[in-house]
Amino acid sequence: MKIAVNTSAISYNDDLDLSGFELLGDVKFFGEISREELFALCADRDALIVNKVEVDEALLSACPSLKYVGTFATGYNVVDIEACRRHGVTVCNAPDYSTHSVSQHVFALLLNFYGKVSEYTASVAAGDWIRSKTFCYFPFPTTELYGKTFGIHGYGNIGKSVAKIAEAFGANVVISTRTPPQDCPYKLVDFEEMLRVSDIVSLHCPLNEKTAKIINARTLSLMKKTAVLINTARGGLVDEAALAEALNGGKIAGACLDTVSVEPMLPDNPLFDAKNCLITPHVGWVPQETRQRLVGIVMGNLRAYIDGKPRNVVS
């Protein structure tokens with residue numbers, strides 16, 4: 001099998017072991033290239049493994065040998081599923097690889113927001129503690145997570161993991177989700193009720209037509225003024241102009257975001273300079289262990305396809 005593997009979006013300074021692909025066939029690894037270069041590279045390839053590379057009708061038409069597309073991601077919005085079906089191309093994704101790291105990042109953001117860790121470390125670095133007249137100074141108010149109501153929208157693997165961690169901190173967990181789960185140990189409420197009662201709202205649902213801009217001016221108005229919004233899922237879940245207005249107007253207390261609607265972030269994104277808004281550049285999935293796990297899942301998917309037993313098939 002002839003395979004093309006895009007490494008630019010997953011590997012940094014060659015920190016991943018990708019040798020397993022070479023056991024599956026004739027492999028060409030590639031980084032950032034133009035669409036024309038991509039078409040030429042894939043012209044004779046049977047399988048293409050991508051992350052942020054768009055797979056559309058034009059690519060499939062130019063590369064008639066392609067029979068398999070794998071994604072270095074759980075989401076597959078960069079792949080035109082209908083076009084792949086028309087061309088008889090199997091598409092497989094990589095679920096569940098980032099559960100631990102994304103859950104960890106949720107609380108890294110929240111604890112930084114509640115504990116003002118960045119502000120205090122910057123203050124110490126500036127010499128404020130050395131100049132302090134008392135053993136402790138606290139110009140930046142901090143907040144306990146214990147006893148807060150922690151609302152989670154979406155109860156897949158990441159939502160379940162976040163719920164367990166929140167419970168370990170002593171928070172009261174409430175869940176809203178499209179399909180009510182069986183044997184859920186937490187209180188189930190509808191989405192709007194979750195917004196009303198929660199001190200923290202964490203989004204863990206997919207982005208689709210029903211969830212696009214699920215956080216908007218109306219739903220933000222339901223939240224407590226002391227509430228914090230966390231989004232480590234997809235930027236498109238949030239109406240960014242409405243969120244910026246809510247933050248700047250004190251309608252909610254803060255937001256902790258690891259993703260925005262257009263990435264890299266555009267200079268005119270209204271959240272760039274919004275008040276009480278912590279933003280990281282979509283790094284919840286990037287620990288080396290997490291990305292190596294991702295590679296293992298993707299290689300396993302391709303191996304299963306070659307063996308005639310495809311898994312994690314989305315089309």
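I started with β3 (residues 47-50) and β4 (residues 68-71), which pair in the parallel sense over four bridges. For the record, strands pair when DSSP finds at least two bridges between them; strands (E, at least two residues) and helices (H or I, at least four) are DSSP runs, numbered from the N terminus. This is a predicted model, where local features need pLDDT of at least 70, side-chain atom pairs count only at pLDDT 80 or more, and totals for chains, interfaces and linings use all residues. Residues are numbered from 1 along each chain as its sequence is written, and side-chain values use heavy atoms, with hydrogens and water left out.

Within that pair, I looked up Leu 48 and found Val 69 of β4 as its bridge partner.

Next I traced the sheet around them: it is open, has five strands with parallel pairing, and runs β2-β1-β3-β4-β5. β2 (26-30) and β5 (90-92) sit at the edges with a single partner strand each, so one side of each has no neighbour in the sheet. Neighbouring strands here are turned by 15 degrees against each other on average, direction ignored. My angles come from axes fitted to C-alpha atoms (for helices, over the stretch in contact) and run from 0 to 180 degrees between N-to-C directions.

Which helices pack on this sheet? Helix α1 (residues 35-42) does, touching β1 (2-6), β2 and β3, and its direction makes about 175 degrees with that of β2. Contact here means heavy atoms within 4.5 Å. Helix α11 (residues 288-306) also packs on the sheet, touching β1, β3, β4 and β5, at about 160 degrees to β4.

Then I moved to the other sheet, an open one of seven strands with parallel pairing, in the order β8-β7-β6-β9-β10-β11-β12. Its edge strands are β8 (187-188) and β12 (277-279), each pairing on one side only. Helix α10 (residues 240-248) packs on this sheet and touches β10 (228-231), β11 (254-257) and β12, with its direction about 140 degrees from that of β11. I also checked β6 (residues 149-153) against β9 (residues 200-203): four bridges join them, and they run parallel. His 153 has Leu 203 in β9 as its bridge partner.

Last, cysteines. How many disulfides (cysteine sulfur atoms within 2.5 Å) are in the whole structure? My search found zero. Cys 63 is buried (under 20% relative accessible area; exposed is over 50%, partly exposed in between; 1.4 Å probe, protein chains only), at 1%. Cys 136 is partly exposed at 35%.

How values were computed
A disulfide is a pair of cysteine sulfur atoms within 2.5 Å.
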